[in-house]
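Here is a short briefing on one structure, a predicted model. Look through the sequence and the coordinates, then read the points by topic.

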Amino acid sequence: MSTATYTVKGMTCGHCVSSVKEEVSEVAGVTNVEVDLATGLLTVESEDSIDTAKIVAAVEEAGYEVANP
């Protein structure tokens with residue numbers, strides 16, 4: 001099991017959290033996604049290490065930005 005944490009910029013509400021969670025959950029290999037609106041932290045759990053670029057692309061697809069990927 002692998003866990004990675006990212007900081008997402010631009011989220012302002014629960015809908016933002018849902019959008020990010022939904023997009024990141026669709027990345028192959030992801031087993032769990034947690035998003036904290038107050039801190040902007042995105043925690044991604046997976047079976048194996050996942051390419052950061054795939055997580056960044058999923059966050060951008062949701063309309064947000066990863067700080068210092």
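Strands β1 (residues 2–9) and β3 (residues 41–46) pair with each other over six bridges, in the antiparallel sense. Within this pairing, Tyr6 has Leu42 of β3 as its bridge partner. The model is predicted.

**Sheet**
- Four strands make up an open sheet, and their order is β2-β3-β1-β4.
- The pairing in this sheet is antiparallel.
- β2 (30–36) and β4 (65–67) are the edge strands, and each has a single partner strand, so one side of each has no neighbour in the sheet.
- On average, neighbouring strands are turned by 35° against each other, direction ignored.
- In general, strands of a sheet pair through backbone hydrogen bonds.

**Helix on the sheet**
- Helix α1 (residues 14–25) packs on the sheet and touches β1, β2 and β3.
- The direction of α1 makes about 165° with that of β2.

**Cysteines**
- The structure has zero disulfides.
- Cys13 is in no disulfide, and its nearest cysteine sulfur is that of Cys16, 3.4 Å away.
- Cys16 is likewise in no disulfide, with the sulfur of Cys13 as the nearest cysteine sulfur at 3.4 Å.
- Cys13 is partly exposed, with a relative accessible area of 32%.
- Cys16 counts as buried, at 5% relative accessibility.
- The cut-off explains the label for Cys16: buried means under 20% relative accessible area, and Cys16 has 5%.

Notes: Residues numbered from 1 in each chain as written. Predicted model: local features only at pLDDT ≥ 70, side-chain atom pairs only at ≥ 80, totals over all residues. Heavy atoms only, no water. Pairing = 2+ DSSP bridges. Helix = DSSP H or I, 4+ residues; strand = E, 2+ residues; numbered from the N terminus. Axes fitted to C-alpha atoms, helices over the stretch in contact; angles between N-to-C directions. Contact = heavy atoms within 4.5 Å. Disulfide = S-S within 2.5 Å. Buried < 20%, exposed > 50% of the residue type's maximum accessible area, 1.4 Å probe, protein only.
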